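Work through the exercises below with the sequence and the coordinates open. Try each task before reading its solution.

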Amino acid sequence: MEIITTLLEGCVIIKPAVFPDERGYFYESFNEQRFNQKLGLDVHFVQDNQSASGYGVLRGLHYQQGDHAQAKLVRVISGEVLDVAVDLRAGSATYGQHYSVLLSAENKLQFFVPRGFAHGFVVLSETAEFFYKCDNYYNKASEGGLHYADPALNIDWQVPTDQLLVSEKDQVLPHLDQL
């Protein structure tokens, strides 16, 4: 497992060691002991989530706050997505900045998004299955979000605006300056 740092402190890309052979491939997608040792953390994931979506589906930007804040370890099982994290940590040198990474079934990269970040993704392939681990249970009363098209964030979602499919709930999320 290789750890690739990003410009946002705490957000890292994880490149697994993949072992291909004539039968296909094998890789260890998660090992808590190795994960925590490599990242110098003590994270215990308690919930796994999975979604299936078609091209242009944008989910996000979401976060949990307070006692229900969540760190996430995300990956793509099939297809390809652009995954995005936005730093919302008060006092952070990179507050309001975002980082995006292409995750696919082919590259097998994973993205660790710590607590204090908003997270979202858009599907770039015909379909995609997205999988993520959370270190805290979902709590509806603690959910928050940012508008995906906030000009202050200026995120290039790599899908034409008229081809994005965004839930009604996500279309009315506040902008960064409204938090």
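A polar contact is a pair of N or O atoms within 3.5 Å; within protein, one must be able to donate a hydrogen and the other to accept it, and residues adjacent in sequence count only if both atoms are side-chain atoms. The model is predicted, so local features need pLDDT of at least 70 and side-chain atom pairs pLDDT 80 or more, while totals for chains, interfaces and linings use all residues. Residues are numbered from 1 along each chain as its sequence is written, and side-chain values use heavy atoms, without hydrogens and water.

**Exercise 1. Helix 1**

Solution. 
- Step 1: Helices (H or I, at least four residues) and strands (E, at least two) are DSSP runs, numbered from the N terminus.
- Step 2: list the buried residues (under 20% relative accessible area; exposed is over 50%, partly exposed in between; 1.4 Å probe, protein chains only).
- Step 3: recall the geometry. An α-helix has 3.6 residues a turn, so residues three or four places apart point the same way.
- Step 4: turn to the other face.
- Step 5: look just past the helix. G40 has a positive phi of about 65°.

**Exercise 2. T6**

Task: decide whether T6 is buried or exposed, and find which backbone oxygens lie by its side chain.

Solution. 
- Step 1: T6 belongs to the loop between strand 1 and strand 2.
- Step 2: classify it. T6 counts as buried because its relative accessibility is 14%.
- Step 3: A polar side-chain atom of T6 lies 3.1 Å from the backbone oxygen of L8. The backbone oxygen of C11 is 2.8 Å from a polar atom of that side chain.
- Step 4: list contacts (heavy atoms within 4.5 Å). Neighbours within four places in sequence aside, T6 touches C11, V12, I13, Y99 and F111.

**Exercise 3. The largest pocket**

Task: which strand gives the most to the lining of the largest pocket?

Solution. 
- Step 1: set the rule. On a 1 Å grid over the protein atoms alone, a pocket is an open set of points with protein on both sides within 12 Å along at least five of seven lines; lining residues have an atom within 4 Å of a point.
- Step 2: get the volume. Grid points are joined across faces, edges and corners, and a volume is the space filled by probe spheres set on the points. The largest pocket has about 510 Å³.
- Step 3: find its centre. Of 27 lining residues, R59, H62, K72, Y132 and K169 are the closest to it.
- Step 4: Strand 6 gives the most, with six residues.

Definitions and conventions: On a 1 Å grid over the protein atoms alone, a cavity is a set of points where a 1.4 Å probe fits but cannot get out, and a pocket is an open set with protein on both sides within 12 Å along at least five of seven lines; lining residues have an atom within 4 Å of a point.
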